[in-house]
Amino acid sequence: MNNRINRIVLYCLLFVLCMQTIIIYSVTNKANTDYNSVPMVTQDKTKVDSCYLLALSVAMVESSLKPNKKVAKTDAVGFLQIRPIKVKEVNRILNIKNKTKNKEYYSLKDRYNIEKSIEMFRIEMEYKNPKLNVAKCVRLWYGADNKDYYTKVLNNYTLLLYYTSNCNY
């Protein structure tokens, strides 16, 4: 029973942190003119951006929303625990989209920046998972099917969608 209460308290704290991130970001959000901004609210201002919420859900599992977290074993760092190969893949996607060759849009240092991490997440999801299927997101981000990871991300995503669905922006 104590373990369950502790887990509920932890999820509540994570949710509060997540909501603070959303509020802070919404106050400082700029117009979505390119990949240098990460909109939290859709352009028609009627609903919260689902890709942003999915990124937060993944971050809650990956780093507990800690932007400086490092995992030496996998060389994953930052808010979304991005590996060097992911940075390379996002740059490849942008080179295809922009018809450029070997241009470096993101560097390994950008993995520590929350906004840029979410931008990289968004770029990969828009390119490979435009419908934001959570199972496909897990395969893309985690690198494999993992039921526990999927369940955690799905639970976080469902909670965030529920709590933000009635927000007026």
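Student: Which residue caps the N-terminal end of helix 6?

Tutor: Asn146 does, with a side-chain oxygen 3.1 Å from the backbone nitrogen of Asp148. Helices are DSSP runs of H or I with at least four residues, strands are E runs of at least two, and both are numbered from the N terminus. This is a predicted model, in which local features need pLDDT of at least 70 and side-chain atom pairs pLDDT 80 or more, while totals for chains, interfaces and linings use all residues. Residues are numbered from 1 along each chain as its sequence is written, and side-chain values use heavy atoms, leaving out hydrogens and water.

Student: How many helices and strands does the protein chain have?

Tutor: The protein chain has six helices and two strands, in the order α-α-β-β-α-α-α-α from the N terminus.

Student: What span should helix 6 have?

Tutor: The expected span is 1.5 Å times one less than the number of residues. Helix 6 covers residues 147–164, so its 18 residues should span 26 Å, and the 25 Å between its end C-alpha atoms agrees with that.

Student: Which residues of helix 6 are buried?

Tutor: Buried means under 20% relative accessible area, exposed over 50%, and partly exposed in between (1.4 Å probe, protein chains only). Tyr149, Val153, Asn156, Tyr157, Leu160 and Thr164 are buried in helix 6. Seen down the helix axis, these buried residues fall within an arc of 100° (taken from the directions from the axis to the C-beta atoms), so they line one face. On the other side of helix 6, Lys147, Asp148 and Tyr162 are exposed. Across the protein chain, 39% of the 169 residues are buried.

Student: Is Tyr162 buried or exposed?

Tutor: Tyr162 is exposed, at a relative accessible area of 57%. Together with Leu159 and Tyr163, Tyr162 makes a nonpolar surface patch of about 330 Å². Such a patch joins nonpolar side chains within 5 Å, from residues with over 30% relative accessible area and no salt bridge (a side-chain nitrogen of Lys or Arg within 4 Å of a carboxyl oxygen of Asp or Glu).

Student: With which side chain does the side chain of Arg122 make a polar contact?

Tutor: A polar contact is a pair of N or O atoms within 3.5 Å, one able to donate a hydrogen and the other to accept it. The partner is the side chain of Asp49, at 2.6 Å. Arg122 lies in helix 4 (residues 114–128) and is buried, with a relative accessible area of 8%.

Student: Where does Asp110 lie?

Tutor: Asp110 lies in the loop between helix 3 (84–98) and helix 4. Asp110 is buried, at 11% relative accessible area, and a polar atom of its side chain is 2.8 Å from the backbone nitrogen of Ser107.

How values were computed: Patches are made of residues with over 30% relative accessible area and no salt bridge: like charges are joined within 9 Å, nonpolar side chains (Val, Leu, Ile, Met, Phe, Trp, Tyr) within 5 Å. Accessible areas come from the Shrake-Rupley method with a 1.4 Å probe; for residues, only the protein chains shown count as cover.
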